[in-house]
Amino acid sequence: MKIEEIIKTTVALDEAKKVILNIMYTQNVINDNFSEILKPYDLSGEQYNVLRILRGQKGCPVNMFVIQERMLAKSSNTTRLIDKLLLKDFVTREVCPENRRKIEVLITQKGLNVLNELDPIVKQHEQLFAYNLKPVELKELNNLLEKYRTIN
């Protein structure tokens, strides 16, 4: 469906505005679908992102700055996200022995288990949205999006 039909406009939109609207609308569709996947696990997209970052550390603790730096949504309140994951026993948080001002976070086995359970479901979610595109189109879309967000 065309973006003009989705937003029910009869006004002609220039291509730059259509791209922005298409990206924003598509992001919402993907996020809504993804939220439904995470709902049974009582996780938000941001919490899931933190768990993925921590799993990528392969058992090494990481400080809050590194987590924040790797987040997809840079505006997320990392401390609040970690607090919620702590309550679910998905992570541990310790004071760094070498620098008492530094907090280190580590994913627990329970957190790893949830990610392992979610992995095939998330993969299916990704494939659902990629279904209508050929591999070469997916590659081109990635290239175009990377080029599009590069602002000089």
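**The pocket, the core and an aromatic pair**

In this predicted model, the lining of the largest pocket draws at least two residues from each of α1 (3–6), α2, α3, α6 and α7 (135–148). Among these helices, α2 gives the most, with 15 residues. The space inside the largest pocket amounts to about 2,200 Å³. Its lining comprises 44 residues, and T26, Q27, I30, N31 and L145 are the closest to the centre. Sorted by class, the lining holds 25 nonpolar, ten polar and nine charged residues.

We turn next to the interior. In soluble globular proteins, nonpolar side chains tend to be buried together. Here the largest nonpolar core contains 26 residues, and L43, V50, L51, L54, I67, V91 and L118 have the most contacts inside it. Two or more residues come from each of α2 (15–38), α3 (45–55), α4 (64–70), α5 (78–87), β3 (103–107) and α6 (109–130). Of these elements, α3 gives the most, with five residues.

Finally, consider the aromatic rings, for which the count comes to one pair. The ring centres of F34 and Y48 are 5.2 Å apart and the ring planes meet at 75°; because an angle over 60 degrees counts as edge-to-face, the pair belongs to that class. Since F34 lies in helix α2 and Y48 in helix α3, the pair ties together parts that are 14 residues apart in sequence. Both F34 and Y48 are buried.

How values were computed:
Residues are numbered from 1 along each chain as its sequence is written. This is a predicted model: local features need pLDDT of at least 70, side-chain atom pairs count only at pLDDT 80 or more; totals for chains, interfaces and linings use all residues. Side-chain values use heavy atoms; hydrogens and water are left out. A nonpolar core is a set of buried Ala, Val, Leu, Ile, Met, Phe, Trp, Tyr and Cys residues joined through side-chain atoms within 4.5 Å. Buried means under 20% relative accessible area, exposed over 50%, partly exposed in between (1.4 Å probe, protein chains only). Helices (H or I, at least four residues) and strands (E, at least two) are DSSP runs, numbered from the N terminus. On a 1 Å grid over the protein atoms alone, a cavity is a set of points where a 1.4 Å probe fits but cannot get out, and a pocket is an open set with protein on both sides within 12 Å along at least five of seven lines; lining residues have an atom within 4 Å of a point. Grid points are joined across faces, edges and corners, and a volume is the space filled by probe spheres set on the points. Ala, Val, Leu, Ile, Met, Phe, Trp, Tyr, Cys and Pro count as nonpolar, Asp, Glu, Lys and Arg as charged, and the others, Gly among them, as polar. Rings of Phe, Tyr and Trp (its six-membered ring) pair if their centres lie within 6.5 Å; planes under 30 degrees apart count as stacked, over 60 as edge-to-face and the rest as tilted.
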